[in-house]
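Let's take a walk through this model together. Have the sequence and the 3D view open side by side as you read.

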Amino acid sequence: MNIAQILFFASLLLPFHASASEHHISNAGDGDTIVFTTLGRSHYEFDIFSLSTTRPPSISGELRITDGESVNFNGYFPSPSPALISLLPDETLIQLEDSSPLHLIYVTERNGTSSIYYDLVSGGDSDSESNRRSMLEAPSRVQIPLLSSHRSGTTVNSFKDKPSLSGEFLVYVSTHENSGEPRTSWTAVYSTELGTGLTRRLTPSGIADYSPAVSPSGNWTAVASYGERGWTGEVEELSTDIYVFSTRDGTHRVKVVEHGGWPCWVDDSTLYFHRRSEDGWISVYRAILPENGPLGTESVTIQRVTPPGVHAFTPATSPNNHGFIAVATRRPGSDYRHVELFDLKRNEFLELTRLVAPDSHHFNPFINPDSSRVGYHSCRGKGNGRRSPLLFLENIQTTTTDLSLFRIDGSFPSFSPAGDRIAYVEMPGVYVVKPDGSDRREVYTGMAFSTAWDPVRPGTVYSSSGPTFATERTEVDIISIDVDAADTLSSVRRLTTDGKNNAFPWPSPDGKRIVFRSGRSGHKNLYLMDAEKGETGGLWRLTEGAWTDTMCTWSPDGEWIAFASDRENPGSGSFELFLIHPNGTGLRKLIQSGSGGRTNHPIFSPDSKTIAFTSDYAGISAEPISNPHHYQPYGDIFTVKLDGSNLRRLTHNSYEDGTPAWAPRFISPSDVVLRRKNDSSCSFDDCHWLNKNPTLKGPKISC
């Protein structure tokens, strides 16, 4: 060991107060800004469409009901009721008896947060081309938000799933109430009286309910739920049960089906649901409830409806319709899910959407009250006719005015010290862009993940070059990129030399050192090295153990390094947040994830007092099968003080949110349009686990 290395190691053992603040850009006082990534979300262009159930499916016969604004999904055709009609600003605006309007309730994510809308659109009873166009004309549309986004003067972000209407009451799912326990879902069913806004929670405290469905009489609501045992960490098909309770107040709650999801009623004693069958196929089942006597799992008759050989799920029916159901399917050999009808008398499928849009996904069918139309949501890209541009930064409403929150179209974002540029990855490729979306440039073409700006070397960005989610021995190295270099061939330098999964670099605030994780010992632990010379200029091991320490970041004041670790249950996939001083002292756990939980991607606020991170701390918000593919169909952005207090949930949805970044300066909460051409829309996959063919030994039937 030479004298330079000895001095380097010695400096690490000293308290690190440093002159880090000299290079730290303090917040301007207007508030904080956090940006984060949602897997695939910026390419969702969902609108709600409809086809006739009585005519052969055709492109000209398909109606696009929603308006192309934002993301519109999980629709419901309500029966016209006095409660709905009373909401119209002018009841004569649409002549109900003349135009045969189509009533639609659905979830939409316009204005940066999810809400439930009611659309009344003319021309819903005809498949003619003229009426198909009239569905999209503004003069023939009445659009009303059914739930206020404000409670007690503050905006509430909450995911709302599969809405239903029972007389004057809207029944839906929301996640706005903290369950109070780590890794326990906040998802609960609520009922709101449309006229007064009076809201009642129907789900018992400490319980999570999903996918509510109201019976034709309105007396009963069925849900998928884990009951008191809670979510056990599934990320594919949930092992929920079906419960039934009184729609009026949530009482008389009874479990009626063991293992089932996505219930729907045909009458007050018959409901359908999906589950994975013993032969491995996800199929639709029928549950017949006793009309008299005690209600429970032992008194309910269960019958399989759809046959093996095709995955059929998210069933839909209509009042007293014993002729057919609608289902989403994934058939062997197909990369797309489609909506089909299943004839209950002939026991055969009737294809619908594949004949209209064979290369598009179709989700979560629903049927109108007279069984004449089936609705669904689909992503068609330009075919949607959408007016909303692709956004680089999408503003997400928050509960406070001192925080702006953005979803970014990219992964692992980080801000330059001055806040005038953002680096991010697209895997492959590292990009740099201004916060207004301009001057976007690719600065590294290889496969890379994570970005971090050097605080003292202008234009230097660090990244991890190599494959993601890899073993300790996989070749991944830390690189530095001079994003302003004229010669791209000399702009990249490799700072690690052994290639043993060196990743997640983060520089110290004085620019002298880099903390990173490495698998060089056979386990992924944390190391420090010289920021300029790399590991050849000095290397020190910060943590040591037969576990995984990863995703490390350095606080702007230089005092702490935050990281994710499974050290309390190595190999389990359960990660929690820890803090350690750069000299190796003061190790402590910051977040208790709960049994099997995942808490990752910590990032410090500019004042070093708060950490933003992603976590399944709030459990799962919707049945994963009702969504496109996510690596993990859960995960929200949270913040917490360094002493573990003031835990705040910032995002509420059923997507996978991750890789947050804290901006050094406040960014005004408004959307930023992505200024790039030839973007591929609808470029996302269906749930990968639906690719499995249970009758084959191989793991895939497509893709």
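Leaving aside its neighbours within four places in sequence, which residues is Val515 in contact with? They are Phe504, Pro505, Trp506, Tyr527, Leu528, Leu542, Cys552, Trp554 and Ile561, where contact means heavy atoms within 4.5 Å. Val515 also turns up, with Ile561, Leu579 and Ile611, among the residues with the most contacts inside the largest nonpolar core, a set of 58 residues. A nonpolar core here is a set of buried Ala, Val, Leu, Ile, Met, Phe, Trp, Tyr and Cys residues joined through side-chain atoms within 4.5 Å. A second, separate core has 29 residues, including Tyr44, Phe159, Ala622 and Tyr655.

Before going on, a word on the ground rules: this is a predicted model, with local features needing pLDDT of at least 70 and side-chain atom pairs counting only at pLDDT 80 or more, while totals for chains, interfaces and linings use all residues. Residues are numbered from 1 along each chain as its sequence is written, and side-chain values use heavy atoms, with hydrogens and water left out.

Now step back to the whole protein. It has 4 helices and 51 strands, taken as DSSP runs (H or I, at least four residues, for helices; E, at least two, for strands) numbered from the N terminus. Of its 703 residues, 61% are buried; buried means under 20% relative accessible area, exposed over 50%, and partly exposed in between, using a 1.4 Å probe and protein chains only.

Strands E40 (residues 525-530) and E41 (residues 534-541) run antiparallel and are joined by 4 bridges; strands count as paired if DSSP finds at least two bridges between them. The hairpin connects E40 to E41 through 3 residues.

What about charges? Side chains of opposite charge can pair when their charged atoms come close. The whole structure holds 34 salt bridges, each a side-chain nitrogen of Lys or Arg within 4 Å of a carboxyl oxygen of Asp or Glu. In one of them, Asp241 pairs with Lys255, with the closest N and O atoms 3.6 Å apart. Asp241 sits in strand E16 and Lys255 in strand E17, so this pair ties together parts that are 14 residues apart in sequence. Asp241 is buried at 2% relative accessibility, whereas Lys255 is partly exposed at 26%.
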